[in-house]
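Me: I've got a structure open on my screen and I'd like to talk it through. Can you take my questions one at a time?

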Amino acid sequence: MQKLALIFFIAFELCYYLLIAQTGIIEHFSSNIFIIAPLPIGGVIGSILSYYIKTSTKNKILAFLTIQLGVSMFYPNLNTLLLFILGISVGALAPLLINELKKASNIQLGFALAISYALGTFMFTYEASKRTNIAIVFTLISLVCSLFLNIKEHKDLTKNRSNFSLFIMVLWIFLDSTLFETLSRDLNTSIWRDGFTLEIITFHLIGVASAFYLKMEKNQKELLILTLFALSYLFYFLQEGLILSIVYPFVISFYNVIILQTIVKKDLKILAIYMIFIGWAASGAGLFVALENLILYVPIIFLICLIKILITQQKKEIPCIN
């Protein structure tokens, strides 16, 4: 029961973030940055509060989920104050959720991500303004499951020795957020609305499995993820929806597993700081680029990263002369 509770707690809170906090609110308020600004501001404050509130992790989770449930009942008609409060709850729950992953095995994390990607993709086309029941039900499921979370910690995820830098993780989130927010607004190439649901779900699942079982060096993973993102952008510019629905979901799942395996090693205080950069700054920058139609400038980032990788590899190949 405790294992299932952890899986569903992770899965449905991730789905809530995708369908309500990330896409639902942004779509309902027509991507008006000034109106939705209280959400990320609250998110940053919530991330900080997740560490500084002195009570047990379980009590924090219950409290913030209760707040999330209360605000969800008013969705989508959220005023400035409610958006701010929702931001606090979602922002606080993100590092707390990741902290709970220390109790999970790779199999549990894999199942949780598989459920969240499949369910999130399946319900993505549901009209944003009519997701009130989704917001309430998903929060209730997470709330009930949190009551059964076990205090015993496993160490499966910490066996991953690769430790990726905050910079590279922020870069991945930025590239993902920019393309995601652009795709969700593009009437010509919208893989979620163009009948590619099965392909998207399938390659999300393949991406999750590959991240766990492919044996690669750290540099190889970084290069693979950057290459797959470059291909995703290329297929978007070429309006190749079918190929994009294969490559893009795969890289999303792949890099997210790697990020979780890296940051789960951190204590709650560091997690809170990381989530400010990963969960809010990087995704917010991606949203800004998408809204301002600056995506054509993103390939410059790939060029800079490629040059950096080539320089790094060249330095490694030059033998030291004593």
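Me: To start, how many cavities of 30 Å³ or more does the count come to?
Reply: Keep in mind that this is a predicted model. A cavity here is a set of points where a 1.4 Å probe fits but cannot get out. With the cut-off at 30 Å³ or more, the count comes to one cavity.

Me: What volume does the largest cavity have, and which residues are closest to its centre?
Reply: Its volume is about 900 Å³. The lining takes in 35 residues. Closest to the centre are Leu14, Tyr17, Gln22, Tyr117 and Asn256.

Me: How does the lining of the largest cavity divide by class?
Reply: Tyr counts as nonpolar and Gln as polar in this scheme, so Tyr17 and Gln22, both among the residues closest to the centre, fall into separate classes. Over the whole lining, the tally is 24 nonpolar, nine polar and two charged residues.

Me: What about the second largest pocket: how much space lies in it, and which residues lie nearest its centre?
Reply: There's about 310 Å³ of space in that pocket. Its lining is made of 17 residues. The ones nearest the centre are Ile26, Ile36, Pro40, Gly284 and Leu287.

Me: Which element gives the most to the lining of the second largest pocket?
Reply: Two or more residues each come from H1, H2 (24-28), H3 (33-36), H4 (38-52) and H13. By class, the lining has twelve nonpolar residues, four polar and one charged. The top contribution is six residues, and it comes from H13.

Me: Is Val44 buried or exposed, or partly exposed?
Reply: Val44 sits in helix H4. Buried would need under 20% relative accessible area, and exposed over 50%. Val44 has 28%, so it falls in between and counts as partly exposed.

Me: Stepping back, why is the chain called as compact as a globular protein of its length?
Reply: The chain has 14 helices and zero strands, and its C-alpha trace spans about 60 × 45 × 35 Å along the principal axes. For 322 residues the globule rule gives 20 Å, and the chain is close to that, so it is as compact as a globular protein of that length, with a radius of gyration of 19 Å.

Me: What percentage of contacts between residues at least 6 apart join residues at least 24 apart?
Reply: Of the 322 residues, 52% count as buried. As for contacts between residues at least 6 apart in sequence, the share joining residues at least 24 apart is 86%.

Methods: Residues numbered from 1 in each chain as written. Predicted model: local features only at pLDDT ≥ 70, side-chain atom pairs only at ≥ 80, totals over all residues. Heavy atoms only, no water. 1 Å grid on protein atoms, 1.4 Å probe; cavity = no way out; pocket = protein on both sides within 12 Å on 5 of 7 lines; lining within 4 Å. Points joined across faces, edges and corners; volume = space filled by probe spheres on them. Helix = DSSP H or I, 4+ residues; strand = E, 2+ residues; numbered from the N terminus. Rg over C-alpha atoms; globule rule 2.2 N^0.38 Å. Buried < 20%, exposed > 50% of the residue type's maximum accessible area, 1.4 Å probe, protein only. Contact = heavy atoms within 4.5 Å.
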